[in-house]
Structures are given as C-alpha cells and as structure tokens.
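Thanks for coming. I will go through one model this morning, a part at a time, and keep to what can be read off it.

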Amino acid sequence: MRAALLLSSLSAMVLGCGDPPAPPTGPSLVPVTIALNWVPEPEFGGYYEGLLSGIYREAGFDVTILPGGPDAPTLELLATGQAQVAIAAGEELLVRRARGVEAVAIWPALQLNPAGLMAHAEGPKTFEEIQGGRVAIGVGSALHSYLWRRFAWEGKVEAVPYGGAIGPFLADKTLIQQAYITSEPCLARAQGAEVTFLRAADAGWNPYGAVVTVADPPPPWAADFARATQRAWEAYLKDPARANAEIARLNDLLAPAVLGCISEAQTPFVTGQDGLGMMTKARWDATAASLVELGLIPPGSSADGAWRLLRVEAPAAPSP
Amino acid sequence: MRRALPAVVGLCALGLWAALSARLPEVLLPSPLEVARALVDHAPRLGEAALTTTAAALLGLLLAAVFGGGAGVLFARSPALERAFAPYTLLLQTVPVVAIAPLLVVWLGYGLKVSVCTAALVSFFPILTATVAGLRATPPEQLDLLRLYGATELQTLWRLRLPSAAPFVFAGLRSSAGLSVIGAIVGEFVGSNGAPVSLGYLVLRSARSADTPLTFAAIVASTALALTLYTTLRRLEAKLIGAWHPGVT
C-alpha cells in the first residue's frame, strides 16, 4: 500500500496534480464548489439555474459546479476541502457522520426519497405483490436491507447485483430492479418499455435525497447559501428551460426526451409533502432509526446535529 | 494462405456474432452492423474518448515502466532488498483496483490522474517480475568474462545485464500494455465525470441507458487501443533489439 501511495503521489507529481488556479472572483464573492454525486442531470437543475440566473452571484457566491460519477465521494471531497458543498443522500450523510465525517445537511433537493423498484407494467403494482422472482439491486445497500426486512423477502425473493445497466431489465420481463425516479424509469421508457415505479417512500424508506451538505459546524455563509439555493430551485421549478438546456449541453449522452421526462417526473419528489426545502426532525429521526435497525449506524445513534434548517433560521454563527 | 488465416477466423467470428444477434434483442447483443453504425455516428465522441484513454494508459504504462523497471534493477542487484519489499509489491498486485479507485478520486480529484494511477498500478507487477527475471538470466560465462576484463558493476549492468534482459523487459511491457488499457478504463469507471469524456465513461453511461451499440463501439475502440499499444511495442522491440536477439522479429 505504501508503494501504492508512493505511486499515486509520484504520478500526481509527474502530472502536475496541483489544483488549477481558481478563476478570478469579485472581492466580496465567496468561492463555492458544489460537488455533485452524479453527472449533470435535472436532479441538479436548481444549482444550474442558480448559477445561470445569477441568483448565487447576487447572494455573494462564486459557484463552480463539479460533476460527479458513480459512487462519487462527495462527502470526502467536502472533508478534504476540494468542495465546499457536497450533494449526498440523507442516509449516506448519517452513515458517514457515524464514521466521523463532519458534515451537516442544510437543504434537501428531494423531499421524497427518489429510490424505489422498477417493474414491467404487467408485473407487480405494489411491494406486497412481490412474493418471489429476482430483484436487481445494490446487494448490501441500505435499500436492499430495508426492503428485504420490511417485506420478509429473505429466502423468497432473490437479490441479484445491479451494475447500473438497464439492458438485463429490458430483456427480461420478469426482472424487477432498483431505480431512481431521476433516472431508470425514464431511460427504460425511452427504450419503449412500459414500467411501474414503486416508490420506496411508500414502503417507509424515506430519507431526504440529494441533500445539500456543508462542513460541520456550518461556515458563516451556509444560511445565505441555503436561501439562495431555495430561490434557485423555485426559479428552476417555475421554468426549467434554461437550466435544462445547460444540462443537455454538458451531458449530451442524455437524450432530450429522457431529460424532459426526468425533469417532469422529479417535480413531486422535489416539492414533497412539506414543501420545497423543508426538513423535519421526524423524518431525520425516522431515517436514523431505520439505519440503527439495519445495523448501518451504531445503536443509540440519532440524527441530532446532522441537519440544520438554515433557510428559515437566522444566519448561523461564524464557526469558532 | 497462412496470412489469410486471421482474416478467416475474424470473418467466422463476425458471422457467428451476426447470427447470434439476429436471435437476441439489441439491448443484449447488437448486430455488427449496428455497432459499425454507432462507430460512425459517434466517431468524434469516440475519438475524443479514445484519446483520453490512450493518454491515461500510456502515462500509466510509462510510470509502471519507470518504477517497475527501476525496482526490478534494485531487486536483481540486492536479494535483501527484494526480500524486504517483494511482499509489498505483491500486495500492490492483489489490491483490487476497483476498490481503491474511489479513494484515488478523493486523493487526486476527478479526471486523468485517477485513470493514470490505476493503469500504472495494474501494469507495475508484470514489468517488475520480467525485469528481475531478465536480469537474473544473464549467462554466467559472460558475467565471468566481464569480471575478467575488470568491468565495474555499472558497466556490467549497462553493457551486459540490461541488454540481455531486454527481451524479458519487452515481454513484461507487452503484457502490461493490455493491462494498462484495462486499468485506465476501470479508473475511468469511477474517476471520470465526463470532462474529458473517456472510453470508460462512455461504456458506463451507454450501458446505463441500454445504448448497447455505443457500449460495444466503445469496447471495440478500447480493444483497438490495446492492440495498437501491443503491436507498437512489438515493433519497437524488433527495431531496438531485433539485431541482437534472433528470436525477436
């Protein structure tokens, strides 16, 4: 491993891995890099709208959006200072905090959890109807553990690994697979499949999704950033055209029809039952309780301190 | 006739592929024609992606050659050094690159650096072992001769050991050439966020949206890349050492 580290550092040196020089910023602007946990897609529409409309700049931020990829380590990028804002799943934040990562949620992009299962239209319409067969899912993931426990699927429903490709699902009418409302159902429909999306939220698995997180304790600008993000998302929901055009430019592998489908499908998940940008103690506590039950965070862990509803509170006190 | 054999095998394989694809849905196995169409339709994107992956594989191979070859010289020279470090180099070989790639993203950030590192990691070991084996295979009578002439250690290394080890080193480099492409693509699966676009990124994204012809087109491009690297090394080997080593053509 020493050799691996040495090699990594030497390669980095050879390649001149130092961060590129920051673009010039106005004297009063706070430079903020937002690390996305996936490539540019509508689930990040609000941030692009904030950037393009000038909402972030007016609020005092010089924002750079850093696209991610599969398993993007956004909270680690936050911890190492490579990003000042990380987009992460609510449950991921609690698990990482239990392991010592100092990060706090300040704004939730997805009120309703975007995860669920996708079945062919002629297949099951509810979780309860699934009583056998195979489900392609991230084996060992929190969603896998939760669903198998909740519906007592152990020994009845076979979990097979999901590698991110929907080809096997399209080719097998009996296969069910994990899905995010912000991705797979629209991709499958674009390939001509008729699908049913079973929301994990309806089964009781409802952590906030795509949560805006910052370092803990929150930096002095966190409340302003949360408020600007709220305004940016309000603007995006009102008219997503500009941000979607930018997303289409940055992610030209995403077909326009799929982009439009995702943008539309995600709206009820963004606004949720409590309204845009809202977080409640009950929801966070329920997520923590589920994670304790699944053994993913130590017994007695709670969500206390993991989230701050800064958008309606007074600005956070500067960190000591 | 012997020259035509590879083409005959290739054509048979294409025929078999076409026959199989006619029975399977496109999302599982696109036909050769559909893949060819994807290669044409996505030519600029594939070209850009292939350039990125080539850069990662070549830089990774270069790093592996420098460090693997250097470590090989040291190990061949000092059995004590080899005893001390060999278990760790073996560890390097057995570390699952997929598992450490996300850590490389944290350490180095997104982009080429991650795929260069993963390419170097998987290419390192074959070059190291080939170098050690080559340096140890120097004929003893030739070593005795140089010793009689009073040659220094450095002169012996430079004039005898390294030239006689060259076919081994090239064999290691050729083994690593294909591995470096695989290593780069695995690194891109995790470390590429699409800027710049790379073959690993294209494979991942196209598989996600069931654009199987594009997945296959990217695979064809990566195979072509590995073959080009291999044959380039083979030619370089023939040019550099072909005159001394009759077996190298």
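Chain B, element by element

Starting at the N terminus, the elements of chain B run α-α-α-α-α-α-α-α-α-α. Counted up, chain B has 10 helices and 0 strands. Please keep in mind that this is a predicted model. The C-alpha trace of chain B spans about 70 × 55 × 25 Å along its principal axes.

A word on confidence. The average pLDDT of chain B is 88, and 98% of the residues score at least 70. Within chain B, the element with the highest mean pLDDT is helix H3, residues 43-77, at 94. The lowest mean, 83, belongs to helix H5 of chain B, residues 97-108. For the complex, the predictor gives an ipTM of 0.75 and a pTM of 0.82.

Now to one pair of helices in chain B. In general, two packed helices are described by the angle between their axes and the distance between the axes. Here the pair is helix H9 of chain B, residues 199-208, and helix H10 of chain B, residues 212-241. Their axes come within 8 Å and cross at roughly 160 degrees. Angles over 145 degrees count as roughly antiparallel, and H9(B) and H10(B) are therefore roughly antiparallel to each other. The crossing of these two helices, H9(B) and H10(B), is left-handed.

Which residues of H9(B) meet H10(B)? On the H9(B) side they are B:Leu199, B:Leu202, B:Val203, B:Ser206 and B:Ala207. On the H10(B) side they are B:Leu214, B:Thr215, B:Ala218, B:Ile219, B:Ala221 and B:Ser222. By class, the residues of this contact between H9(B) and H10(B) divide into 8 nonpolar, 3 polar and no charged.

B:Ala195 and B:Pro196 are joined by a cis peptide bond, with omega at about 5 degrees. B:Pro196 sits in the loop between H8 and H9 of chain B.

Next, where the two chains meet. The contact takes 37 residues from chain B and 32 residues from chain A. On the side of chain B that touches chain A, at least two residues each come from H3, helix H4 (79-94), H5, helix H6 (112-136), helix H8 (153-191) and H9 of chain B. Which of these gives the most? H5(B) does, with 7 residues. This is also the helix with the lowest mean pLDDT among the elements of chain B. Sorted by class, the side of chain B that touches chain A has 27 nonpolar, 7 polar and 3 charged residues.

Over to chain A, beginning with a sheet. Strands of a sheet pair through backbone hydrogen bonds, either parallel or antiparallel. In chain A there is an open sheet of 5 strands, in the order E2-E1-E3-E10-E4, and its pairing is mixed. At the edges are strand E2 (61-66) and strand E4 (103-110) of chain A, each of which pairs on one side only. On average, neighbouring strands of this sheet are turned by 25 degrees against each other, direction ignored.

Strand E1 of chain A, residues 30-35, pairs with E2(A) in the parallel sense over 6 bridges. Within that pairing, A:Pro31 stands opposite A:Asp62 in E2(A), and A:Thr33 has A:Thr64 of E2(A) as its bridge partner. E1(A) also pairs with E3(A), again in the parallel sense, over 2 bridges. There A:Ile34 stands opposite A:Val85 in E3(A).

What lies across E1, E2 and E4 of chain A? Helix H2 of chain A, residues 45-53, does, and it runs at about 140 degrees to E2(A). Helix H5 of chain A, residues 90-98, packs on the sheet as well, touching strand E3 (85-88), E4 and strand E10 (209-215) of chain A. The direction of this H5(A) helix makes about 170 degrees with that of E4(A).

Last, two backbone details in chain A. A:Ala210 lies in strand E10 of chain A, and its phi is near 45 degrees, a positive value in a residue other than glycine. Further on, a cis peptide bond joins A:Asp216 and A:Pro217, with omega at about 0 degrees. A:Pro217 is in the loop between E10 and helix H9 (222-238) of chain A.

That is the end of my tour.

Definitions and conventions
Residues are numbered from 1 along each chain as its sequence is written. Chains are lettered from A and ligands numbered from 1 in the order in which they are written. This is a predicted model: local features need pLDDT of at least 70, side-chain atom pairs count only at pLDDT 80 or more; totals for chains, interfaces and linings use all residues. Two strands pair if DSSP finds at least two bridges between them. Helices (H or I, at least four residues) and strands (E, at least two) are DSSP runs, numbered from the N terminus. Axes are lines fitted to C-alpha atoms, for helices over the stretch in contact, and angles run from 0 to 180 degrees between N-to-C directions. Two residues are in contact if their C-beta atoms, placed from the backbone, lie within 7 Å. pLDDT is the predictor's confidence in each residue, from 0 to 100. Angles under 35 degrees count as roughly parallel, over 145 as roughly antiparallel, 65 to 115 as roughly perpendicular and the rest as oblique. A crossing is left-handed if the near helix is turned anticlockwise from the far one by less than a right angle, and right-handed if clockwise. Ala, Val, Leu, Ile, Met, Phe, Trp, Tyr, Cys and Pro count as nonpolar, Asp, Glu, Lys and Arg as charged, and the others, Gly among them, as polar.
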